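Welcome, and take a moment to look over the chain below. The briefing after it is meant for someone meeting this structure for the first time.

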Amino acid sequence: MVRQVSILLALAITLAGCAEPTRQIAPDGRALPQVYTIRPADQSKIQFRMLDAINALRGASGAAPVQMNAQLTAAAATHSRDMSVQNRPWHFGSDGSSPIDRVRRAGFPGTMLGEAISETYETELETLGAWMEEPGTRAVILEPRARNMGFSWFQEPNGKIWWTLVLGD
């Protein structure tokens, strides 16, 4: 009897660990999004997950892979934080700077080829999926001349994430 109770208890604990967390439901019947919280320890994982996903997409389209670039990433980080300060997703800085200006300021010696931005609560891969659905950002991601990539974000305390992707040659 004790053995049966122990087995049932172990089974219940195992099954409880497999259960999905309870999700809140919106008035339209859809599940409300859960906040994607980015911890400092996740930074390199997120950047390389995005790099791998972009290179897979580029490879499938016949484009050469890109590599992470510190200067482009610095420009992306600066712009993500600045979009949060401005509270709007757009390509110009609060000081009037363009993406080209920011890339130059960061010391990138090549040519800036494109920028993709987003204001969302979604993960980096969900954001990449949304970018790939839009012809303009899809063209940036698959730009054949690109060899370097910068990718960063700024997350507000409420969970909103400002993503910036920059590609250069």
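Here is a short tour, starting with the overall layout and ending with a few single residues.

This is a predicted model: local features need pLDDT of at least 70 and side-chain atom pairs count only at pLDDT 80 or more, while totals for chains, interfaces and linings use all residues. Residues are numbered from 1 along each chain as its sequence is written, and side-chain values use heavy atoms, with hydrogens and water left out.

**Overall layout**

- The chain has 6 helices and 4 strands; these are DSSP runs numbered from the N terminus, with helices (H or I) of at least four residues and strands (E) of at least two.
- Starting at the N terminus, the order of elements is α-α-β-α-α-β-α-α-β-β.
- Of the 169 residues, 41% count as buried; buried means under 20% relative accessible area, exposed means over 50%, and partly exposed lies in between (1.4 Å probe, protein chains only).
- Among contacts with a separation of 6 or more, 65% come from residues 24 or more positions apart; contact here means heavy atoms within 4.5 Å.

**The sheet**

- The 4 strands make an open sheet in the order S1-S3-S4-S2, with mixed pairing; two strands pair if DSSP finds at least two bridges between them.
- Strand S1 (67-68) and S2 are the edge strands, each pairing on one side only.
- S2 and S4 run antiparallel and are joined by 8 bridges.
- Along this pairing, Met112 has Gly168 in S4 as its bridge partner, Ile117 has Thr164, and Ser118 has Trp163.
- S3 and S4 are also antiparallel, again with 8 bridges, and Met149 stands opposite Leu167 in S4.

- In S4, 8 of the 8 residues are buried, and in S2 the count is 8 of 9.
- From S4, Ile161, Trp163, Leu165 and Leu167 point one way, while Trp162, Thr164, Val166 and Gly168 point the other way.
- In a regular strand the side chains alternate between the two faces of the sheet.
- Helix H3 (residues 70-86) packs on the sheet and touches S1, S2, S3 and S4, with its direction at about 30 degrees to that of S3.
- H5 lies across S2, S3 and S4, running at about 120 degrees to S2.
- For these angles, axes are lines fitted to C-alpha atoms, for helices over the stretch in contact, and the angles run from 0 to 180 degrees between N-to-C directions.

**The nonpolar cores**

- The largest nonpolar core has 23 residues, and those with the most contacts inside it are Ile54, Trp131, Ile141, Met149, Phe151, Trp163 and Leu165.
- Such a core is a set of buried Ala, Val, Leu, Ile, Met, Phe, Trp, Tyr and Cys residues joined through side-chain atoms within 4.5 Å.
- Elements giving two or more residues to this core include helix H2 (43-61), helix H5 (124-133), strand S3 (148-155) and strand S4 (161-168).
- A second, separate core of 7 residues includes Ala75, Phe108, Met112 and Val166.
- Leaving out residues up to four places away in sequence, Phe151 touches residues including Ile46, Met50, Met68, Glu124, Trp131 and Trp163.

**Residues to look up**

- Glu124 lies in helix H5, and it counts as buried because its relative accessibility is 2%.
- The side chain of Glu124 makes a polar contact with that of Tyr36 at 2.6 Å; a polar contact is a pair of N or O atoms within 3.5 Å, where within protein one must be able to donate a hydrogen and the other to accept it, and residues adjacent in sequence count only if both atoms are side-chain atoms.
- Thr37 sits in the loop between helix H1 (2-18) and H2, and it counts as exposed because its relative accessibility is 53%.
- The C-alpha atoms of Thr37 and Gln155 are 8.1 Å apart, although 118 residues separate the two along the chain.
- Asn87, in the loop between H3 and helix H4 (99-105), has a positive phi of about 55 degrees although it is not a glycine.
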